Amino acid sequence: MTDLSLSNQAIAGKTAPPSEARALRLPTQWLGVAPFFIFAIMFLILPTLYLMLGAFQNDAGEFTFENIAALAQPSIVAAYWISLKVSLASALIGAFAGLAIAIAIVRGGLPEWIRSATLTFSGVASNFAGVPLAFAFLATLGRLGLATVLLNTVFGLNIYAHGFNILSFWGLTLTYVYFQIPLMVVIITPAIDGLKKEWGEAAATLGATQAQYWRMVVIPVIWPSFLGTVILLFANAFGAIATAYALTGSSLNIVPILLYAQIRGDVLHNAHLGYAIAFGMIVITGLANVFYIWFRTRSERWLK
């Protein structure tokens with residue numbers, strides 16, 4: 001028995017790969033995600049760290065809080081306030097409208113092709129922004145836009161005489177809603193799909209009405225997903241600049257336009273103050289994403 005054990009150990013020792021060979025094995029399983037991490041480090045993490053560092057430096061490279069203190073200027077505070085209002089208004093309007101559309105296509109008994117067409121359009125429209133979107137709204141709701149002229153000609157309604165202006169707060173909010181609603185549809189539809197049919201059957205068996213089922217089961221389950229998506233829509237609008245700049249230029253003083261003027265402008269050129277403004281935006285959007293992840297984690301417990 002002893003000789004047989006020694007023989008088996010000798011054979012195992014010959015066939016087992018050396019520990020040095022296992023230690024030198026390349027982590028090939030990480031090669032697939034390497035481009036993502038390289039892209040994130042080069043174009044997201046490093047620029048963010050550079051902005052954060054520049055927010056606490058002066059032109060001589062010395063550490064200072066002057067740039068952060070300068071954020072209390074009335075013009076900067078007003079820009080943050082307008083951006084917060086536009087982002088919140090567009091997020092709430094887009095969230096409620098998108099939720100209604102998602103419920104209709106998932107649980108409204110509509111034909112399947114309507115759901116497919118709506119989700120396809122939503123995936124495209126949620127990424128339609130910038131100069132093309134600004135031009136589309138100017139051509140539609142500008143002073144000589146198609147919808148403006150039709151309303152004035154057919155119904156005698158001059159929306160500009162009643163205070164509407166595409167270059168105003170509500171004009172920019174309405175433009176943002178165009179891509180906020182489809183984004184809400186894309187994100188909230190899986191949460192609506194996660195509502196199990198058995199829950200409705202159990203509620204009906206227990207004698208609950210349809211209104212009670214929605215109030216006591218559906219709304220509590222999708223509420224975290226809804227709040228998280230509202231926060232995501234808020235962050236999405238808060239950082240948008242291309243659409244706002246192409247639509248309003250400098251007539252509406254929101255934070256992204258002010259930031260652009262501080263870093264790239266000929267008159268307001270102050271790069272380090274621009275870094276401080278960007279740092280404030282990073283803090284706001286960062287907190288928004290933290291809350292979004294938290295709400296999403298809570299919702300996934302019910303929708304698994």
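Thr148 sits in helix 8, which spans residues 146-154. Helices (H or I, at least four residues) and strands (E, at least two) are DSSP runs, numbered from the N terminus. This is a predicted model: local features need pLDDT of at least 70, side-chain atom pairs count only at pLDDT 80 or more, and totals for chains, interfaces and linings use all residues. Residues are numbered from 1 along each chain as its sequence is written, and side-chain values use heavy atoms, with hydrogens and water left out.

- Thr148 counts as buried because its relative accessibility is 6%. Buried means under 20% relative accessible area, exposed over 50%, and partly exposed in between (1.4 Å probe, protein chains only).
- The Thr148 side chain reaches the backbone oxygen of Leu141 at 3.5 Å. A polar contact is a pair of N or O atoms within 3.5 Å; within protein, one must be able to donate a hydrogen and the other to accept it, and residues adjacent in sequence count only if both atoms are side-chain atoms.
- Leaving out residues up to four places away in sequence, Thr148 touches Thr140, Leu141, Gly142, Arg143, Ile159 and Tyr160. Contact means heavy atoms within 4.5 Å.

**The whole protein**
- The protein has 14 helices and zero strands.
- Of its 304 residues, 34% are buried.
- Take the contacts with a separation of 6 or more: residues 24 or more positions apart account for 72% of them.

**Two residues of helix 9**
- Thr189 belongs to helix 9, residues 169-193.
- Thr189 has 3% relative accessibility, so Thr189 counts as buried.
- The side chain of Thr189 reaches the backbone oxygen of Val185 at 2.5 Å.
- Not counting residues up to four places away in sequence, Thr189 touches Ala102, Ile105, Val106, Arg115, Leu119 and Met184.
- Gln180 also lies in helix 9. Gln180 is buried, because its relative accessible area is 0%.
- Gln180 and Ser126 are 54 residues apart along the chain, and their C-alpha atoms are separated by 6.6 Å.
- With residues up to four places away in sequence left out, Gln180 touches Ser90, Ala91, Gly94, Leu233, Asn236 and Ala237.

**Helix 5 against helix 9**
- Two packed helices are described by the angle between their axes and the distance between the axes. Axes are lines fitted to C-alpha atoms, for helices over the stretch in contact, and angles run from 0 to 180 degrees between N-to-C directions.
- Helix 5 (residues 74-107) and helix 9 cross at roughly 40°, and their axes come within 6 Å.
- That angle makes helix 5 oblique to helix 9. Angles under 35 degrees count as roughly parallel, over 145 as roughly antiparallel, 65 to 115 as roughly perpendicular and the rest as oblique.
- The residues of this helix 5 and helix 9 contact divide into 22 nonpolar, six polar and three charged. Ala, Val, Leu, Ile, Met, Phe, Trp, Tyr, Cys and Pro count as nonpolar, Asp, Glu, Lys and Arg as charged, and the others, Gly among them, as polar.

**Helix 10 against helix 11**
- Helix 10 (residues 197-205) and helix 11 (residues 210-238) pack at about 155°, with axes 10 Å apart.
- Helix 10 is therefore roughly antiparallel to helix 11.
- Trp199, Gly200 and Ala203 in helix 10 meet Tyr213, Val217 and Val221 in helix 11.
- By class, this contact of helix 10 with helix 11 has five nonpolar, one polar and no charged residues.
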